[in-house]
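Trainee: I would like to learn how to read pockets and sheets in a model. Could you walk me through one?

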Amino acid sequence: YVDVRMAASAAHAYGKKIVAAESFTGGGYDAPAAYKNLADYWFAQGCNRIVFHSSAHQPLDTKPGNTMVGTHFNRNITWAEQASGVVDYLARTSYMLQQGLFVADVAYLLDEGAPSSQPFWGAGLQPSLPEGYDYDTVNADVLVNRMTAGEDGRILLPDGMRYRILVLPQTGRMRPEPLRKIKQLVAGGAILVGPKPVRSPSLQLGAAHADFEVRALADEIWGDLDGVQRNRRLYGKGTVVWGLPLEEVLSQADIAKDAEFSGSLDTSMEWIHRRSEEADIYFVANRTDRSQDIQGRFRVQGREAELWHPDTGEIEPAAYAISGGRTTVPLRLEPRESVFVVFRRSAAATARTLPPPAITALATIKGPWDVAFPPDLGAPERIRLTRLESWTANPDDGVKYFSGTATYIKKIQVPKDWLKPGVRIALDLGTVKDMARLSVNGREAALLWKPPYRADVSNFLHAGANLLEISVTNQWTNRRIGDSTLEPQNRVLASPPAWMERFGTPKAPADSGLIGPVTVVAVR
């Protein structure tokens with residue numbers, strides 16, 4: 001966390017657009033949905049370019065390959081040919097988060113001692129930042145050579161970054177040079193939060209001279225503040241605060257929360273805000289396994305809200321209400337869903353109401369299902385399932401330990417009264433482990449790689465009999481477990497090198513296949 005936050009802060013403070021991170025360094029054989037859920041967290045911390053760990057370390061064409069450690073992302077994974085969904089998602093999200101500038105209210109100045117970093121363990125940043133705000137960390141070089149005071153009291157950087165509050169490290173030491181700059185900033189209108197320095201940590205100017213200058217400057221700026229009984233003082237056009245929580249400082253300065261969420265049982269959203277010349281862009285991610293109906297309140301006014309979906313590239317208008325300098329947007333987020341809330345057009349009205357989609361269940365598709373397996377991967381050519389269940393529940397070890405892509409085949413009857421003007425028909429696959437390619441009547445309808453596994457099939461259905469083909473792909477995990485119980489000559493996959501075995505074979509098979517229930521729904 002600290003590594004990524006400080007890298008992002010360095011990019012913001014020095015005018016760099018790209019924050020790249022070595023990504024997915026842990027794990028093993030994972031579903032693309034797992035990539036998304038992890039990436040969403042780091043996107044919200046400021047990362048905006050994904051560099052896949054060890055993806056190039058793959059000289060062998062024999063499956064499952066020989067990647068040593070880290071998440072396997074290479075041509076030998078089971079879903080290599082279906083990777084476009086998650087790759088497009090990561091690309092769109094990265095692109096959006098490279099637009100404009102990061103928005104933060106608080107800049108924490110790092111300690112000039114060693115290590116000069118925000119805390120890795122323990123209490124974290126002090127004083128702690130209340131929810132609803134964001135921050136950067138800056139070093140003394142940025143403070144001295146790049147920061148200036150704006151006419152409105154904001155702290156400005158030459159590339160356009162702006163902060164409302166500068167927070168000092170919880171130490172009594174500071175060199176005269178940064179303290180001189182702090183004097184200029186506060187005199188120009190900045191808000192300063194932190195303890196009064198008493199000496200310099202450096203002998204560069206001679207200890208006695210440096211300490212004397214630090215005390216003189218501190219006495220001038222902090223005056224009689226003691227951080228206990230006397231906590232707030234005006235200096236020049238600015239304010240010095242010592243010993244008060246940041247929440248109180250932000251409130252006294254009339255700095256509203258940048259983003260907050262309410263209305264559901266669990267409203268812990270990951271979010272980040274960027275601002276370009278054309279738009280305010282908020283990335284919001286629900287990383288839980290529950291649907292959430294929430295009210296998002298954003299520090300934007302005078303613009304209508306839109307929802308930009310990075311998984312599909314689709315843009316749609318959103319309902320909103322503008323009041324008190326903020327805009328409230330109702331959001332319905334499915335499990336692990338993310339969205340960009342974008343404000344770019346002037347609002348014609350202070351509110352817009354949009355009816356939520358009405359979803360009506362039409363039918364549940366029951367068995368039997370025919371399932372076809374590919375050759376040479378240990379499974380039978382074809383099985384029939386009377387009901388949907390995980391492959392791991394099958395008594396045939398070839399199915400139980402199967403890894404790869406198997407195709408479910410089923411004919412369904414579509415009544416004419418389903419196909420009405422203004423009604424969209426969707427197929428909901430329920431639980432899928434781990435991804436599915438859906439074809440209807442021989443035409444590919446969707447690649448579903450994350451929940452909800454639901455696709456609009458209106459343009460593919462006709463009244464009468466329709467053929468469904470659902471190709472479901474899991475990971476190499478189960479086949480590796482199955483092979484570990486067999487003699488080398490009977491294994492399906494090539495035996496991994498001895499050094500790879502040292503990193504362990506998974507112990508328990510993972511649920512796999514189409515688990516359902518599969519339902520047909522009407523969306524109005």
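Mentor: Gladly! One term first: helices (H or I, at least four residues) and strands (E, at least two) are DSSP runs, numbered from the N terminus. Keep in mind that this model is predicted.

Trainee: Which elements each supply at least two residues of the lining of the largest pocket?

Mentor: The general idea is that rolling a probe the size of a water molecule over the atoms shows where empty space is left. Here, the largest pocket holds about 1,800 Å³ of space. Of its 44 lining residues, H309, E314, E316, E337 and R454 are the closest to its centre. At least two lining residues come from each of helix 3 (84-96) and strands 16 (292-298), 18 (315-317), 20 (326-333), 27 (424-428), 30 (443-448) and 31 (454-456). By residue class, the lining has 25 nonpolar, six polar and 13 charged members.

Trainee: And what lines the second largest pocket?

Mentor: That pocket, with about 730 Å³ of space, is lined by 26 residues, and L129, P130, E131, G132 and Y133 lie nearest its centre. Helix 2 (32-44), strand 13 (259-262) and strand 14 (270-275) give two or more residues each; strand 13 gives the most, with three. The lining divides into 13 nonpolar, seven polar and six charged residues.

Technical notes
Residues are numbered from 1 along each chain as its sequence is written. This is a predicted model: local features need pLDDT of at least 70, side-chain atom pairs count only at pLDDT 80 or more; totals for chains, interfaces and linings use all residues. Side-chain values use heavy atoms; hydrogens and water are left out. On a 1 Å grid over the protein atoms alone, a cavity is a set of points where a 1.4 Å probe fits but cannot get out, and a pocket is an open set with protein on both sides within 12 Å along at least five of seven lines; lining residues have an atom within 4 Å of a point. Grid points are joined across faces, edges and corners, and a volume is the space filled by probe spheres set on the points. Ala, Val, Leu, Ile, Met, Phe, Trp, Tyr, Cys and Pro count as nonpolar, Asp, Glu, Lys and Arg as charged, and the others, Gly among them, as polar.
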